[in-house]
Amino acid sequence: MRPPRLFNLMLTAFALVIVLGISGMALAFWLVMGQSNPEQMRWMEAEAAARTQATRLAAYYQRVGSWRGVERQLGPIPQGFGSIKGAVSLLDANGRVVAGRRRPIILRGNEAVLRIPIVVNNQQVGTLVISVVDTDEAFPVGNLNRRSLLLGMLSAGAGLMAVLLVLAAVFSRQISTPLRQISAAAHAIAEGDHSSRVQTANVRELADLSASFNRMAEALQQADQQRRQLTADIAHELRTPLSIIKGRLEGIQDGVYEADAEQIEALLAEVALLERLINDLHLLALADAGQLPLYREVVSPQMLVNEAIRSFTPTADERNVRLSATIDDHLPDIEVDPQRIAQVLGNLIGNALRHTPAGGEVIVSAHRDESGIRFEVRDTGAGIDPADLPYIFDRFYKADRARSRSSGGAGLGLAIARRLVEAHGGQIWATSALQQGTTVSFRLPVSPTASEPANQLSTGALLNNI
């Protein structure tokens, strides 16, 4: 089950605050009312009804301007309110009875009187007098226990506040804890600890943020490991030719070797290896920075394949490997840097020739598919282990660790090929099976301005040993 969204969580929190606030007010009123005896409640209801009648009479006076005809217009003044019965009189501003009970009110000790002034425009224009005989207790209207009311309200408010504080703490913890974890993990990563991770949160947005943070941390950790490995590989690749050059020069200096053409040729070969390695690393650095210069031209895929076959035919002959090409009819031109694509084909064909035994075959092909022009270099070598296949385009990766530098290179050829193809907006991939050979393919987009050639070789044209 997915965790709730932050919006839903906050909406629930606010809804709970509203519901609990209203419930707390109702509870406080219920508690206060529960502390009041039924007799007090009866008198409170009667007083409220009397004040409503007084408001009605004030509205009449304001409309008419006098008390004339008040009972004819509003009806007789009720003699009692609610369950409380008694004598009710309406007096004018001079104290004369104008409605209701006409006889004078005489207090006998057990008679309670409540006077409600009637005010219009800040001037008292009359009085509503209520007289009730009660032999058991004095008239208690308005004498509600205010202390009980205050204590009840304070108690209910304190309880409600405690509940809301607990809810606020729970909801705040759901939000703040994952954020603190992410902040701490970010500080740890900034200090070099790329193994730091955060736990999944219980809020959907924060859970997604935690998952994204963990993926970022994992990518940083892998990048750091690759950087360390890259540094170690570069140091190793540079150390070997430098050690050879240094050893031979010291041998010449000590008289162990003669400074003849053979020694100079060996030193130049090691220098050439160093130069190639440095150039390859420089090319990869430019590609990574997005600053690799490309000098695009509209060229024919057939021309690129033929030139690559022509360049590697002598090497194939030396290794007794059959090198051929197949090209589809009427392939459209592509807009690429011909030297860079030739470098890609050269790296792929060179790898294929190194891994194809004598008597084997390497086939270079170009086909049209739904996304562009697909180039393939297929060999009949030993193939690549499935465990190594996902990493063959990584820098300095060698599926066969036993290969020497002279026979296998530094392990940058496929990495360079990938970066050059991607710089052209293409894709590169490999398929292989043990003892069945390897096929490395890359696809390049067709130039939007390219035209279909009128004449090309027939489908399946086989170019052998050009």
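This is a predicted model: local features need pLDDT of at least 70, side-chain atom pairs count only at pLDDT 80 or more; totals for chains, interfaces and linings use all residues.

Q: Then which residues is phenylalanine 442 in contact with, leaving aside its neighbours within four places in sequence?

A: Phenylalanine 442 is in contact with Ile341, Val344, Leu345, Leu348, Ile373, Arg374, Phe375, Val421, Gln427, Ile428 and Trp429. Phe442 and Phe375 also touch the most other members of the largest nonpolar core, which has 48 residues. Helix α8 (residues 338–354) gives this core its largest share, seven residues.

Q: What tends to happen to nonpolar side chains in general?

A: In soluble globular proteins, they tend to be buried together. Here there is also a second, separate core of 21 residues, with Ala54, Ala58, Tyr60 and Ile130 among them. Over the whole chain of 466 residues, 38% count as buried.

Q: Now the sheets. What is the order of the strands in the open sheet of five?

A: The order is β8-β10-β11-β13-β12, and the pairing is mixed. At the edges are β8 (322–327) and β12 (427–433); each has a single partner strand, so one side of each lacks a neighbour in the sheet. On average, neighbouring strands are turned by 15° against each other, direction ignored.

Q: How many bridges join β12 to β13?

A: Seven, and β12 and β13 (residues 437–444) run antiparallel. To find one of these pairs on your screen, look at serine 432, whose bridge partner in β13 is threonine 438. Helix α10 (residues 413–423) packs on the sheet there, touching β12 and β13, with its direction at about 140° to that of β12.

Q: Which strands does helix α7 lie across?

A: Helix α7 (residues 301–318) lies across β8, β10 (361–369) and β11 (372–379), and runs at about 175° to β8.

Q: How do α7 and α8 cross?

A: For a helix pair, look at the axes, the angle and the hand. The axes of α7 and α8 come within 10 Å and cross at roughly 35°, and the crossing is right-handed. On the α7 side, Leu304, Val305, Ala308, Phe312, Thr315 and Ala316 take part; they meet Pro338, Ile341, Leu345, Gly346, Ile349, Gly350 and Leu353 of α8. Sorted by class, this contact has 10 nonpolar, three polar and no charged residues.

Q: Is strand β3 enclosed or left open by the rest of the structure?

A: Burial is the thing to check, with under 20% relative accessible area as the cut-off. Six of the six residues of β3 (residues 87–92) are buried, so the strand is largely enclosed by the rest of the structure. Both faces are covered: one side has Ala87, Ser89 and Leu91, the other Val88, Leu90 and Asp92.

Q: What does β3 pair with, and in which sense?

A: With β4 (residues 97–100), in the antiparallel sense, over three bridges. Leucine 91, for instance, has valine 97 in β4 as its bridge partner. Their hairpin has four residues between the strands, and in it glycine 95 takes a positive phi near 90°.

Q: And for the chain as a whole, how many helices and strands are there?

A: The secondary structure comes to 10 helices and 13 strands. Among contacts with a separation of 6 or more, 69% are between residues 24 or more positions apart.

Note on methods: Residues are numbered from 1 along each chain as its sequence is written. Side-chain values use heavy atoms; hydrogens and water are left out. Two strands pair if DSSP finds at least two bridges between them. Helices (H or I, at least four residues) and strands (E, at least two) are DSSP runs, numbered from the N terminus. Axes are lines fitted to C-alpha atoms, for helices over the stretch in contact, and angles run from 0 to 180 degrees between N-to-C directions. Contact means heavy atoms within 4.5 Å. A nonpolar core is a set of buried Ala, Val, Leu, Ile, Met, Phe, Trp, Tyr and Cys residues joined through side-chain atoms within 4.5 Å. Buried means under 20% relative accessible area, exposed over 50%, partly exposed in between (1.4 Å probe, protein chains only). A crossing is left-handed if the near helix is turned anticlockwise from the far one by less than a right angle, and right-handed if clockwise. Ala, Val, Leu, Ile, Met, Phe, Trp, Tyr, Cys and Pro count as nonpolar, Asp, Glu, Lys and Arg as charged, and the others, Gly among them, as polar.
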